[in-house]
Amino acid sequence: MLLLGIAMVLGISMGSTDSGIKDVLQNLFLSKTSDSMLYTIIWQIRLPRVLLAALVGAALSLGGLVFQALLRNPLAEPYILGISGGSAIGAIIGILMGFSRFPGVSLLAFTGSIATLLLILGMSSGQTILKKDALLLSGVMVNAFCAAVIMFLVSMTQDSRLHNIIFWLMGDLSMGDMHHAGILAATLLPCFVLVFWLSNPMNLLLMGKEMAQTMGVNIKAVTITLLVATSFMVSATVSYCGLVGFVGLVMPHLLRLVLGPDHRVLVPACVLGGGTYMVFCDLLARVLPKQGEMPAGVITAMIGAPLFIYLLKRSSR
Amino acid sequence: MNTAITAENLSHSFGEDLVLRNVSFSIPKKDFFIIIGPNGSGKTTLMKVMSGILKPKNGQVKILNRPIDQYHRKALARTIAFVPQKAPTDFPFSVAEVVLMGRSPYLGMLGLEEENDLKIAKEAIAFTAMENLAHRKLDQLSGGEQQRTFIARAICQEPDIILLDEPTASLDLAYQAKIMDLMEKLKNEKGITVVMVSHDVNLAAMYADHLLLLHKGQVLCQGLPDEVLTYKTLEAAYGCTLLVDESPLGRSPRVTLVPQKYMNIDRQIE
């Protein structure tokens with residue numbers, strides 16, 4: 001078992017974000033003729049963007065992992081549950097009111113995500129949170145409602161901000177600079193550590209609330225801490241990069257398949273793996289279109305949505 | 001004082017429903033104690049109150065003569081282990097991983113196990129004869145094997161008391177005997193107090209040192225099996241006609257359900 005653990009850790013760090021970033025950098029190096037221009041491009045445009053992508057991917061896939069564990073539902077994910085949508089409403093209101101990105105918009109996004117979280121839990125906990133269908137259905141409805149509100153807000157806007165907002169909504173990483181990436185890192189990293197700290201209680205929670213409690217887990221405290229930390233992470237990413245969907249579905253499932261269900265391994269793996277995945281998706285989004293680029297959210301949804309359907313089909317057997 | 005668990009005037013209600021009414025009893029150390037009673041008599045609620053999952057509205061539970069709410073979470077988990085009736089198995093942990101989870105009340109936040117913990121887990125797996133299945137995933141096991149895994153996990157917790165909520169429900173005959181023998185061995189070899197909720201009156205009669213018969217949230221009767229399992233008490237609790245005689249194995253009462261079509265014969269016997 002110990003050997004297995006060591007092998008896992010080795011395996012993760014070899015396929016990690018670090019080497020992912022290195023690859024990306026090397027690709028950039030080879031594809032363009034090296035010049036002093038390149039230095040600027042890499043340091044002012046590419047690197048912040050890659051960092052941003054890695055952070056967003058890490059936060060979202062960790063968010064998915066936490067929700068899947070807490071709700072004991074393999075299909076849970078911030079985007080599917082509508083929590084991303086809720087924080088997007090908050091963020092749009094913030095943008096329209098002309099707040100700055102960091103405290104203003106993020107704070108409203110956080111409020112939005114907590115509000116949706118409470119709404120979903122309230123709607124589905126009447127019977128039992130564990131019921132897959134109830135949870136997913138309420139998520140779909142919350143999402144539809146959020147989308148309507150977002151469209152309403154967007155159609156009320158007439159000016160030049162419109163294009164920006166729509167692009168941002170679809171999950172756009174192009175706005176980032178080093179400063180943004182720094183702030184995002186500062187907000188997300190403590191959350192990563194916190195979630196990792198709680199990874200063993202998460203394992204125990206998977207065995208059922210009763211068993212977890214009689215093994216000495218303070219269920220209420222752990223659950224609330226995790227939910228709030230996750231909503232915080234999600235809203236932070238949403239306020240910077242808009243709606244990037246399904247990342248929290250793809251990575252946790254893939255990693256669980258390879259590494260098993262132990263969260264003490266999965267949490268760091270999700271941070272690294274999610275980051276890598278997002279960096280790749282963003283790379284595709286940049287490279288695929290002949291002119292300009294498309295939002296990374298398009299790519300993640302194109303990969304994630306079919307996977308979701310596959311998982312739904314498999315889990316309903 | 002050699003008591004493992006003392007219940008003093010426990011009352012509990014869900015909304016308007018009184019589920020437990022002034023329940024008092026005490027369980028000696030190293031006892032095999034089985035709680036029986038009809039559906040909805042409050043057995044599971046009582047179990048949850050004893051394990052500290054539920055806080056009773058009134059009264060208190062003492063574990064090893066100390067009120068349960070004076071225990072720290074982890075200290076309580078080192079004293080009492082609980083095996084629920086059904087546990088989710090949809091995340092594919094292996095048997096060994098589940099058993100090792102039983103060590104977490106002894107470990108720090110991350111639950112990183114040491115040599116000694118691995119050894120204890122190994123022993124628990126051996127005790128429940130699960131060696132061959134140790135690396136199988138939980139969702140590939142039969143109901144009885146899953147149940148044994150959860151029992152091994154509870155043993156790995158090294159508690160003084162193990163509580164089990166209907167561990168034999170939905171198991172076939174061979175497995176019922178296996179689980180009950182295992183609990184008896186646990187009591188005899190490790191000196192653990194075993195407290196169990198059971199549906200099966202006959203199984204309870206054969207294994208229990210003491211029985212508690214619960215009816216509508218109240219203690220109807222408690223004591224030795226042949227004191228509790230009488231025609232009178234059982235009929236009062238279950239409201240159906242039963243025949244009580246001695247088991248062919250001797251020394252324990254045997255309860256036979258009397259179907260409607262035998263009713264007339266039954267009267268003749270009386």
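Biologist: How many residues does the contact take from chain B and from chain A?

Modeller: Two residues are in contact if their C-beta atoms, placed from the backbone, lie within 7 Å. On that basis the contact takes 26 residues from chain B and 20 residues from chain A. This is a predicted model, in which local features need pLDDT of at least 70 and side-chain atom pairs count only at pLDDT 80 or more, while totals for chains, interfaces and linings use all residues. Residues are numbered from 1 along each chain as its sequence is written, and chains are lettered from A and ligands numbered from 1 in the order in which they are written.

Biologist: Which elements give two or more residues to the side of chain B that touches chain A?

Modeller: Helices (H or I, at least four residues) and strands (E, at least two) are DSSP runs, numbered from the N terminus. Helix H2 (73-79), strand S6 (80-83) and helix H3 (95-101) of chain B each give two or more residues to that side. H3(B) gives the most, with four residues. By class, the side of chain B that touches chain A holds 18 nonpolar, five polar and three charged residues; here Ala, Val, Leu, Ile, Met, Phe, Trp, Tyr, Cys and Pro count as nonpolar, Asp, Glu, Lys and Arg as charged, and the others, Gly among them, as polar.

Biologist: How many helices and strands has chain A?

Modeller: Chain A has 15 helices and zero strands. Of its 317 residues, 50% are buried. A residue is buried if 20 or more other C-beta atoms lie within 10 Å of its own, exposed if 12 or fewer, and partly exposed in between, with C-beta atoms placed from the backbone.

Biologist: Why does A:Gly64 count as buried?

Modeller: A:Gly64 counts as buried because it has 31 C-beta neighbours inside 10 Å. The residue lies in helix H3 (residues 36-70) of chain A. Leaving aside neighbours within four places in sequence, the contacts of A:Gly64 include A:Glu77, A:Pro78, A:Gly248 and A:Leu249.

Biologist: How is the packing of two helices described?

Modeller: Two packed helices are described by the angle between their axes and the distance between the axes. Axes are lines fitted to C-alpha atoms, for helices over the stretch in contact, and angles run from 0 to 180 degrees between N-to-C directions. In chain A, helix H5 (residues 83-96) and helix H12 (residues 219-241) pack at an angle of about 55 degrees, with their axes 9 Å apart. H5(A) is therefore oblique to H12(A); angles under 35 degrees count as roughly parallel, over 145 as roughly antiparallel, 65 to 115 as roughly perpendicular and the rest as oblique.

Biologist: Which residues make the contact between H5(A) and H12(A)?

Modeller: H5(A) contributes A:Ile83, A:Ser84, A:Ser87, A:Ala88 and A:Ala91, and H12(A) contributes A:Ser231, A:Val234, A:Ser235, A:Val238 and A:Ser239. They divide into five nonpolar, five polar and no charged.

Biologist: What is the order of the strands in the open sheet of chain B?

Modeller: Two strands pair if DSSP finds at least two bridges between them. The open sheet of four strands has the order S2-S1-S4-S5 (chain B), with antiparallel pairing. Strand S2 (17-28) and strand S5 (66-67) of chain B stand at the edges, each with a single partner strand, so one side of each lacks a neighbour in the sheet. Strand S4 (residues 58-63) of chain B pairs with S5(B) over two bridges, and B:Lys62 has B:Pro67 as its bridge partner in S5(B).
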